[in-house]
Amino acid sequence: MINIHSTQQLGQALRTARKHLGLTQSELALAAGVGVRFIVDLEAGKPTVRLETVMRVIEALGGEVMLDGLPDTTEAP
């Protein structure tokens, strides 16, 4: 598990995952259904990207987002 505390750390983690999978930015963009410019900005840590689109990129890389330290909202009260 990777702890992410900034958009720059998220970008670096996604870049590392992409390279580990042997994907180019263009290939990842196609797999995630986003533009190459979005991947470039995301990997650069640009803080203005849309969360929904970031989630699609993470999914295309085979990853998932996990939140730690927050109440579990999936359990009934």
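Let's start in helix 1, because that is where Arg 18 sits, and Arg 18 counts as buried at 7% relative accessibility. Keep in mind, everyone, that this is a predicted model.

So what does the side chain of Arg 18 make a polar contact with? The partner is the side chain of Glu 43, at 2.5 Å. Arg 18 also touches Leu 23, Thr 24, Gln 25, Leu 28 and Leu 61, along with Glu 43 itself, leaving aside residues up to four places away in sequence.

Leu 28 takes us to helix 2, residues 25-32, where Leu 28, Ala 29 and Ala 32 are buried. They lie on the same side of helix 2, because they cover an arc of only 100° around the axis. As a reminder, an α-helix has 3.6 residues a turn, so residues three or four places apart point the same way.

Which helices do the buried residues of helix 2 pack against? Helix 1 (7-20), helix 3 (36-43) and helix 4 (51-60). On the face turned away from that buried side, you'll find the exposed residues Leu 30 and Ala 31. Just after helix 2 comes Gly 33, with a positive phi of about 70°.

One last stop, in helix 4, at Thr 53. Is Thr 53 buried or exposed? Thr 53 counts as buried, since its relative accessibility is 10% and the limit is under 20%. Its contacts, again leaving out residues up to four places away in sequence, are Val 34 and Phe 38.

Thanks, and I'm happy to take questions!

Methods
Residues numbered from 1 in each chain as written. Predicted model: local features only at pLDDT ≥ 70, side-chain atom pairs only at ≥ 80, totals over all residues. Heavy atoms only, no water. Buried < 20%, exposed > 50% of the residue type's maximum accessible area, 1.4 Å probe, protein only. Helix = DSSP H or I, 4+ residues; strand = E, 2+ residues; numbered from the N terminus. Arc of directions from axis to C-beta. Contact = heavy atoms within 4.5 Å. Polar contact = N/O pair within 3.5 Å; in protein donor to acceptor, adjacent residues only side chain to side chain.
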